[in-house]
Amino acid sequence: MVKDLSVNLCGIDMVNPVVPASGTFGFGLELADSMDLNKIGGISLKGTTREARYGNESPRIAECPSGMINSVGLQNPGIDVLVEEKAPSLRRIYDNCIIANISGFSIEEYAYNVAKADKCSEIDIIEVNISCPNVHNGGMAFGTSAESAAQVTAAVRKETTKPLFIKLSPNVTDIVSIAKACEAAGADGITLVNTFLGMRIDIKKRKPVIANKMGGFSGNAIFPIAVRMVYQVSHACKIPVMGCGGVSSAEDVIEMMMAGATAVQVGAENLRNPWACPEIVDALPGVMEKLGIDSLKDIIGIIE
């Protein structure tokens, strides 16, 4: 029997729920010669700020058992390049869901960037990363409190009619209260989770491995925590969730969806294996057959 991999995310029909996470797949264009991009249900583009950014000093990457730490620092060409060059170029070769990932260091910057993305017809969904440090509030990330998360959500909601997802930091004590605040402020969906804060030390050199000392910890090791947060938020909110964090297989995608995710992002695994996403899509029907699943839509949030 043919398996139905399709899902509907905020009114957008996706051929399957698999989405490379922002920062792990460039703008999609870089891998167009290496694979059939149209196998992938959606692509979350590289995180974009108002101005071009070089990013943090090297070294930026530290290996860990079952994961990695990165401190790239939002290196990107800026919002104008995204909407005028990158998204249009991708749309010419890619038929599925294009997700713009928007970052900022002030509410005004978030609003400006989202307004620009809203006017770009090639962008289907806007995903706002609120793990950035708020330069007007001592550097604390916007997503670490329900109040500041809601303020960003409300500001960007005024700037777009496109489906609006808020990508939350897991480095908080109560992820549910923050997600519910974003929902109340107008978010159409939540992306869970961004990276955890981690650190490695070179014991021979007696100094941190990465130049920025600390960075975002991702990979297989965080998967169970991400599943827990997806479960909690999807059962507390009425808006859809895109699950993310440690996903590396078709089985992981199904587990995330059973926890409550409508779509599932693949992050660090793309850096280990650039063909991870199409391979996961290819493996899904076989896993569904073994588990007696005919349609992925039937398993979303089935765990009570």
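**View 1. Pro17 in the loop between strand E2 (12–14) and strand E3.** The model shown in this and the following views is predicted. Pro17 has 0% relative accessibility and therefore counts as buried, the limit for this term being under 20%. Apart from neighbours within four places in sequence, the contacts of Pro17 are Leu5, Val7, Val253, Met257, Thr262, Ala263, Val264 and Leu296. Met242 lies 225 residues away from Pro17 along the chain, yet the C-alpha atoms of these two residues are separated by 8.9 Å.

**View 2. The open sheet of 8 strands.** The strands follow the order E3-E16-E15-E10-E9-E8-E7-E4, and their pairing is parallel. Strand E3 (18–20) and strand E4 (42–44) form the edges; each has a single partner strand, so one side of each lacks a neighbour in the sheet. On average, neighbouring strands of this sheet are turned by 25 degrees against each other, direction ignored. In general, the strands of a sheet pair through backbone hydrogen bonds, in either a parallel or an antiparallel manner.

**View 3. Strands E10 and E15 with helix H5.** Strand E10 (residues 189–192) and strand E15 (residues 241–244) run parallel and are joined by 3 bridges. Leu192 has Gly243 in E15 as its bridge partner. Helix H5 (residues 223–236) packs on the sheet, where it touches E10, E15 and strand E16 (261–266). The direction of H5 makes about 170 degrees with that of E15.

**View 4. Helix H3 across two strands.** Helix H3 (residues 146–157) lies across strand E8 (125–129) and strand E9 (164–167).

**View 5. The aromatic pair of Tyr110 and Phe142.** The count of aromatic pairs comes to 1. The rings of Tyr110 and Phe142 are arranged edge-to-face, with 5.3 Å centre to centre and 85 degrees between the planes. This pair links distant parts of the chain, 32 residues apart: Tyr110 belongs to helix H2 (residues 107–118), whereas Phe142 is in the loop between E8 and H3. Tyr110 counts as buried because its relative accessibility is 0%. Phe142, at 2% relative accessibility, also counts as buried.

**View 6. Arginine residues over tyrosine rings.** Arg50 lies over the face of Tyr112, at 3.6 Å from the ring centre. Arg60 is placed over the face of Tyr54, at 5.4 Å from the ring centre.

How values were computed: Residues numbered from 1 in each chain as written. Predicted model: local features only at pLDDT ≥ 70, side-chain atom pairs only at ≥ 80, totals over all residues. Heavy atoms only, no water. Pairing = 2+ DSSP bridges. Helix = DSSP H or I, 4+ residues; strand = E, 2+ residues; numbered from the N terminus. Axes fitted to C-alpha atoms, helices over the stretch in contact; angles between N-to-C directions. Contact = heavy atoms within 4.5 Å. Phe/Tyr/Trp six-rings, centres within 6.5 Å; stacked < 30°, edge-to-face > 60°. Buried < 20%, exposed > 50% of the residue type's maximum accessible area, 1.4 Å probe, protein only. Lys NZ or Arg CZ within 6 Å of the ring centre and 35° of its normal.
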